[in-house]
Amino acid sequence: MPERRRLVQAALLLMALAIVFGVAPSVYGNLTLLFMMMAYVALAQGLNVVYGFTGYLPFGYVGFFGVGAYGMALAVTFLHWPVILAVVAGGVLAVLIGLVLAPLLRLSGAYFSIANLAAAEVLYYVVANPNLTDITQGPYGMKLTAIFDPTLSYAVMLVIMLVATAIVVYLRLSKFGLALLAISQDPVSAGTAGVNVVRGRLIAWLLSAFIAGLVGAAFGWHISVFYPDSVFALQVTVFAIVFALFGGAGTVAGPIFGAIVLYGLYNFIGISTPEYFQLIYGALIVALVLFLPRGLASVFERGGRHVL
Amino acid sequence: MELLEYALIGGVLFGLYFALVGLGLNLIFGVMQIVNLAHGDLIMLGAFGAYWVFHLWGLSPMVGIPLEFLGFMLLGIPLYYLLVPRLLGTRDPEMLSFILFFGVSQMIEAAATLGFGSSQRSLPLATLGVGNVRILGQAFPKAWAVSAGVGVAAILALYVYFYRTRYGCATRAVMADRDEARTTGINVHWISAVALALGFALAGLAGVFAPYMIGSVNPSVGVNLTTISFAIVVIGSLGNPLGTIIGGLVYGIALMLMETYFPSWSTLVPYLLLILIMLVKPAGLLGHQVRRA
């Protein structure tokens with residue numbers, strides 16, 4: 001039974017991820033690097049939920065990440081919530097912002113992407129505005145040193161990454177995921193076949209907002225001092241897009257592979273002069289679009305193998 | 001009243017310049033339905049060109065314009081043949097071009113940072129003429145008037161090209177229907193390559209005046225400039241050159257009004273305008289078709 005085999009594959013993949021990132025800190029000392037790698041796996045999966053399955057490329061994806069970080073920080077600072085609850089609050093706030101931005105889904109293709117980028121810029125300029133210093137500290141950033149806890153936040157990030165991957169597994173194996181793919185290929189035909197187009201897109205959009213919000217919240221907690229510039233940086237969106245595209249959007253394994261390999265590469269060559277890495281991934285994007293629009297996963301699939 | 005008048009006239013001057021900022025992006029989209037996401041980075045390169053012309057040779061940035069125009073055209077034509085024909089053959093050229101030119105944009109930004117460093121470069125307003133220009137009793141820096149004038153000249157020149165030259169006529173044919181243009185014997189690829197190159201050159205031309213109108217530049221301003229250009233083009237409506245003028249004016253006046261009355265929120269203008277226009281009238285102010293997925 002192929003269905004059961006794919007379920008087993010998915011379970012094995014999730015277990016492998018959990019074990020690798022669970023054991024890694026005791027082997028490799030740079031906890032923040034491992035944390036960021038997991039964060040990017042989760043972000044690439046979150047982006048995959050909306051881009052891989054509905055075809056909408058959210059160019060302002062970082063907006064949800066930043067909202068998550070600030071939502072967590074505000075819940076801790078003003079409501080004095082326990083941190084883990086505050087992380088969830090960050091995710092929920094991102095979903096609410098996603099609902100506000102849902103009308104953007106009426107736009108198609110490049111229009112959606114640009115409008116989403118503009119929306120992320122609006123969020124950034126509002127949060128960073130000096131007029132709001134009493135609430136968000138404006139450009140001066142949030143300092144949450146009292147809740148700093150690298151080990152626990154690492155564990156929470158691990159859970160978030162597994163949840164994000166599990167969501168993609170669900171889309172990959174379920175009827176709902178298939179319906180989403182149908183919508184992205186031909187919304188009119190999908191509609192006549194009985195698929196609820198608007199609801200399907202909205203659910204995918206909010207799921208991906210939730211993931212980015214959780215990741216942003218956990219990131220804010222892990223580093224505990226952050227600025228609007230760092231949690232609304234376009235680079236976060238760009239990395240998530242490149243990692244997902246490289247591995248293959250629409251698959252479970254692609255974004256994981258892309259994030260781990262390219263983020264590792266980024267740390268190997270990128271830290272001292274990030275421009276070299278920027279040059280490489282710029283060229284990589286061009287090459288992928290021209291020669292491999294479905295990512296590395298399509299190379300394996302061409303060989304007749306199935307990629308989860 | 002005095003203040004409002006200043007904001008409105010200043011807004012028109014800015015608007016005419018911003019029409020030039022969006023013009024290249026719109027031309028390329030109109031001719032080949034390709035979203036040049038590297039538009040802002042080309043503007044940035046144009047600004048650096050102006051900066052070097054002034055700082056290396058002590059010449060007015062205006063002198064460098066023909067050279068820059070030629071340089072950008074020479075960049076555009078090979079790039080067309082390298083990327084676009086393959087792109088147009090894919091399943092979803094519009095979306096894929098968006099991603100592809102984003103890659104190009106990242107490469108330009110990285111190369112510019114490696115080559116020029118990341119510090120802010122600016123040009124003094126006086127390099128485009130000392131003193132003020134009086135328009136309807138209000139005084140404005142000469143540089144603003146020169147930039148607006150070049151904007152108007154570029155738009156007029158594009159119209160002459162479209163309606164008075166053989167190439168322009170062929171370009172309009174390609175805009176109307178690519179396949180039909182091919183059957184009438186037009187070399188569609190060559191015409192499109194020239195259009196892409198012209199779009200690049202217009203971005204470079206807008207860049208020459210960016211240090212005066214937009215502020216100091218460094219290699220990372222490209223993305224913001226692209227978003228601003230998009231706002232302008234979308235306000236007018238994609239693919240319609242006349243719309244770009246309206247988009248530029250709406251944007252310029254809105255920006256000046258915000259800077260006059262709510263200066264701390266004025267950075268939000270292009271983004272809010274973009275979102276509002278897209279949601280209320282997705283096809284732009286001059287568009288007919290409503291884009292819905």
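Start with Phe243(A): leaving out residues up to four places away in sequence, it touches Tyr40(A), Ala44(A), Pro255(A), Gly258(A), Ala259(A), Leu262(A) and Tyr263(A). Contact here means C-beta atoms, placed from the backbone, within 7 Å. This is a predicted model, in which local features need pLDDT of at least 70 and side-chain atom pairs count only at pLDDT 80 or more, while totals for chains, interfaces and linings use all residues. Residues are numbered from 1 along each chain as its sequence is written, with chains lettered from A and ligands numbered from 1 in the order in which they are written.

Phe243(A) is also among the residues with the most contacts inside the largest nonpolar core, which has 222 residues. Such a core is a set of buried Ala, Val, Leu, Ile, Met, Phe, Trp, Tyr and Cys residues joined through C-beta atoms within 7 Å; buried means 20 or more other C-beta atoms within 10 Å of a residue's own. Helix α8 of chain B (residues 188–213) brings the largest share, 19 residues.

Now for where the chains meet: 36 residues of chain B are in contact with 33 residues of chain A. On the chain B side, α4(B) gives the most, 16 residues.

Here are two helices (DSSP runs of H or I, at least four residues), with the expected span being 1.5 Å times one less than the number of residues.

| Helix | Residues | End-to-end C-alpha span | Expected span |
|---|---|---|---|
| α4(B) | 24 residues | 33 Å | 34 Å |

In α4(B), 17 of the 24 residues are buried, so this helix is largely enclosed by the rest of the structure.

Definitions and conventions. Buried ≥ 20, exposed ≤ 12 C-beta atoms within 10 Å, placed from the backbone. Contact = placed C-beta atoms within 7 Å.
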